[in-house]
Amino acid sequence: MYASEIMPLRTRNKGVALGVGSHWLSNFVVVYVTPMAIDNLSFKLYIIWAVLNASFVPITYLFYPETARRSLEDMDEVFYQERFGITKTRSPGSRKPGLVMEGAVEDYGSYEVEKVGTEEVKQP
């Protein structure tokens, strides 16, 4: 899911394919290696997995930009403006009205916005 949100529009299909392929490959490796590792390492394997999983918390916080409430075009701009490395995008993007399913009602501050198809009707 994350790969589809951060890829530029021109390379999104290839990036998502690469992300899905690497996900399946890593799952295969985990499933293939785990029985042998449990036999050889016993409880130490769980410590290794715990350390690896814990290491992803700071990695994710420092290097993965926040994508909440950002359009795909906004993410293109985020990567264009920032240098490769530690990201400065910690807060979610501004909430922009978009198309939602017909008849859905969302709350934007002091207004309730009722969406009907592509039209929006603001009610104070």
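Me: Let's start with Ser 42. Is Ser 42 buried, exposed or partly exposed?
Reply: This is a predicted model, by the way. In it, Ser 42 has a relative accessible area of 38%. Buried would need under 20% and exposed over 50%, so Ser 42 counts as partly exposed.
Me: And where does Ser 42 sit?
Reply: Ser 42 belongs to the loop between helix 2 and helix 3.
Me: What's up with the phi of Ser 42?
Reply: Phi is positive there, about 50 degrees, although Ser 42 is not a glycine. Arg 69 also has a positive phi, near 55 degrees, and is likewise a residue other than glycine.
Me: OK, where is Arg 69 found?
Reply: Arg 69 is in the loop between helix 3 and helix 4. With 48% relative accessibility, Arg 69 counts as partly exposed.
Me: Why are helix 2 and helix 3 called oblique?
Reply: Roughly perpendicular covers 65 to 115 degrees and roughly antiparallel starts over 145. The angle here is about 130 degrees, so helix 2 and helix 3 are oblique to each other.
Me: Which residues meet there?
Reply: Helix 2 brings Val 30, Thr 34, Ala 37, Ile 38 and Leu 41, and helix 3 brings Lys 44, Leu 45, Tyr 46, Ile 48 and Trp 49. By type, the residues of that contact are eight nonpolar, one polar and one charged.
Me: New topic: Arg 12. Which helix is Arg 12 in?
Reply: Helix 2, which covers residues 12-41.
Me: Is Arg 12 buried or exposed?
Reply: Arg 12 is buried, because its relative accessible area is 14% and the cut-off for buried is under 20%.
Me: What does the side chain of Arg 12 reach?
Reply: The backbone oxygen of Ser 4, at 2.9 Å. Leaving out residues up to four places away in sequence, Arg 12 touches Ser 4, Met 7 and Leu 72.
Me: How about Thr 67, buried or exposed?
Reply: Thr 67 counts as buried, at 15% relative accessibility. You'll find Thr 67 in the loop between helix 3 and helix 4.
Me: What does the side chain of Thr 67 make a polar contact with?
Reply: With the side chain of Glu 5, at 2.6 Å. Beyond its neighbours within four places in sequence, Thr 67 is in contact with Tyr 2, Glu 5, Ile 6 and Met 75.
Me: And Ser 71, where is that found?
Reply: Ser 71 is in the loop between helix 3 and helix 4. At 28% relative accessibility, Ser 71 counts as partly exposed. The side chain of Ser 71 reaches the backbone nitrogen of Asp 74 at 3.1 Å.
Me: How are Ser 71 and Ile 6 separated?
Reply: Their C-alpha atoms are 10.0 Å apart, and along the chain Ser 71 and Ile 6 are 65 residues apart.
Me: Zooming out, what's the secondary structure of the chain?
Reply: Four helices and three strands. From the N terminus, the order is α-α-α-α-β-β-β.
Me: How many residues are in the chain, and what share is buried?
Reply: The chain has 124 residues, and 12% of them are buried. The accessible surface comes to about 10000 Å², with 65% of that belonging to carbon and sulfur atoms.

Methods. Residues are numbered from 1 along each chain as its sequence is written. This is a predicted model: local features need pLDDT of at least 70, side-chain atom pairs count only at pLDDT 80 or more; totals for chains, interfaces and linings use all residues. Side-chain values use heavy atoms; hydrogens and water are left out. Helices (H or I, at least four residues) and strands (E, at least two) are DSSP runs, numbered from the N terminus. Buried means under 20% relative accessible area, exposed over 50%, partly exposed in between (1.4 Å probe, protein chains only). Accessible areas come from the Shrake-Rupley method with a 1.4 Å probe; for residues, only the protein chains shown count as cover. A polar contact is a pair of N or O atoms within 3.5 Å; within protein, one must be able to donate a hydrogen and the other to accept it, and residues adjacent in sequence count only if both atoms are side-chain atoms. Contact means heavy atoms within 4.5 Å. Axes are lines fitted to C-alpha atoms, for helices over the stretch in contact, and angles run from 0 to 180 degrees between N-to-C directions. Angles under 35 degrees count as roughly parallel, over 145 as roughly antiparallel, 65 to 115 as roughly perpendicular and the rest as oblique. Ala, Val, Leu, Ile, Met, Phe, Trp, Tyr, Cys and Pro count as nonpolar, Asp, Glu, Lys and Arg as charged, and the others, Gly among them, as polar.
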